[in-house]
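Reader: Could you walk me through the aromatic packing and the core, one question at a time?

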Amino acid sequence: MAHEFHLPDVGEGLVDAVIVSWQVDLGEAVGLDQPLVEVETDKAVIDMPSPFAGVLLYRGGEDGETIEVGSLLAVIGEPGERWEPAAAASVAEEPAAPVVGSLPEAGAAVSRGPQALPMVRKLAEELGVDLSGVQGTGPQGRITERDVRAAVSARPTVRAPMSGLRRRIAENLARSWREIPHVTTYGHADSDNLAAERSRLGKPPVEALLIARLVPVLVRFPAFNSAVEGDEIVERRFHDIGFAVDTPDGLVVAVVRDAGDLPVEEVAREVRRLAEGARERTLGVDELRGQTFTVSNIGAVGGGLGTPIIPYGTSAILSVGRAGPRPVVRNDRLEIVRQFPLSLSYDHRIIDGAEGRRFMAEVIAALEG
């Protein structure tokens with residue numbers, strides 16, 4: 001008996017995923033929980049195990065194609081069994097349009113018009129591509145998403161859809177900016193003591209030292225570790241600290257769980273592991289969501305002051321710029337000292353301006369201590 005496997009939602013609000021590579025060929029046997037296909041979501045690359053044992057009868061897309069959540073991903077049946085895609089209403093929106101999954105019988109008439117899955121037709125419509133002029137490279141000459149994009153890239157100017165990661169970044173930032181009343185306050189902190197500690201510890205990631213020094217301040221100022229949910233303020237008594245990672249595919253926030261319970265050396269190891277995994281897209285979804293506070297080391301890319309956007313579901317984010325010499329007046333004398341520029345954005349529904357300045361003063365004291 002043939003079993004249909006539809007793409008599940010493996011993350012919060014997942015809409016679609018890109019097929020990276022199939023681990024099993026059509027007609028090949030696959031075991032229960034054996035790796036079936038590798039897909040890329042907006043946050044991570046995930047191995048999808050087979051929920052059934054049998055033979056792969058149908059694949060819902062080829063490498064590089066995007067498939068929507070709930071769409072038919074694979075069909076697994078018995079050896080020698082035939083499965084007709086026309087019998088599954090979820091496979092195609094156009095009953096007359098042929099799709100991959102069955103081989104034409106000898107002497108069967110060739111279908112009229114370009115062959116493409118509904119999602120590929122939709123992409124072609126969005127990009128203004130006439131499928132009748134596209135040569136399909138998929139099975140039986142089917143036009144793939146890659147073929148459509150290749151047709152677009154051949155033009156003098158190109159309109160390309162956002163990647164899944166970039167689209168999710170845009171959605172989350174737009175939602176945060178739309179719903180959260182942002183206030184940003186600024187400050188500077190002397191960097192000498194933190195730099196000396198970093199040298200003493202063997203130069204761990206700056207983010208690890210920032211996290212270790214910020215958690216005690218968050219304990220004293222719980223509003224900055226909170227979130228608004230409806231008409232309630234949710235105060236978290238744990239500290240899952242997110243830190244921004246600059247990856248080739250866009251900005252990703254990885255999360256150090258229970259950072260306040262870890263010594264700085266362990267925080268450093270975790271930051272290294274998460275940063276490497278974020279760049280290689282090997283982290284799990286749970287390692288990329290659910291932070292209670294975020295720190296962004298924009299100094300790593302030469303940044304200074306800015307206006308960081310609060311990640312949705314939190315109340316604050318601290319941006320730390322590159323340390324550099326700065327003129328400072330102390331005891332009526334002008335001194336040149338090395339300082340970090342700090343930018344703190346916070347949710348004005350929870351935190352008033354005075355509280356924001358008090359928190360910033362404590363952050364400066366913690367970084368300088």
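Reader: Phe221, buried or exposed?
Author: Phe221 counts as buried, because its relative accessibility is 12% and buried means under 20% relative accessible area, with exposed over 50% and partly exposed in between (1.4 Å probe, protein chains only). This is a predicted model, in which local features need pLDDT of at least 70 and side-chain atom pairs count only at pLDDT 80 or more, while totals for chains, interfaces and linings use all residues. Residues are numbered from 1 along each chain as its sequence is written, and side-chain values use heavy atoms, with hydrogens and water left out.

Reader: And what about Phe359, buried or exposed?
Author: Phe359 is buried too, at 0% relative accessibility. Leaving aside neighbours within four places in sequence, Phe359 is in contact (heavy atoms within 4.5 Å) with Val217, Leu218, Phe221, Phe224, Phe293 and Leu344.

Reader: Which aromatic cluster is Phe359 part of?
Author: One aromatic cluster is formed by Phe221, Phe224, Phe293, Tyr346 and Phe359. Rings of Phe, Tyr and Trp (its six-membered ring) pair if their centres lie within 6.5 Å, and planes under 30 degrees apart count as stacked, over 60 as edge-to-face and the rest as tilted.

Reader: How many aromatic pairs are there in the structure?
Author: The structure holds six aromatic pairs. Among them is the tilted pair of Tyr58 and Trp83, at 5.1 Å centre to centre with 45° between the planes. That pair links distant parts of the chain, 25 residues apart, with Tyr58 in strand E6 (residues 54-59) and Trp83 in the loop between strand E8 (72-77) and helix H1 (118-127); helices (H or I, at least four residues) and strands (E, at least two) are DSSP runs, numbered from the N terminus.

Reader: Switching to the largest nonpolar core, which residues touch the most other members?
Author: Of its 68 residues, those are Leu36, Ile211, Phe224, Phe243, Leu342 and Phe359, where a nonpolar core is a set of buried Ala, Val, Leu, Ile, Met, Phe, Trp, Tyr and Cys residues joined through side-chain atoms within 4.5 Å. H5 gives the most to this core, with nine residues.

Reader: What does the second core include?
Author: The second, separate core has twelve residues, including Leu117, Leu123, Leu127 and Ile143.

Reader: Last one: what does Ser319 touch?
Author: Ser319, which is found in strand E15 (residues 316-320), touches Ser296, Ile298, Pro308, Pro341, Leu342 and Ser343, not counting residues up to four places away in sequence.
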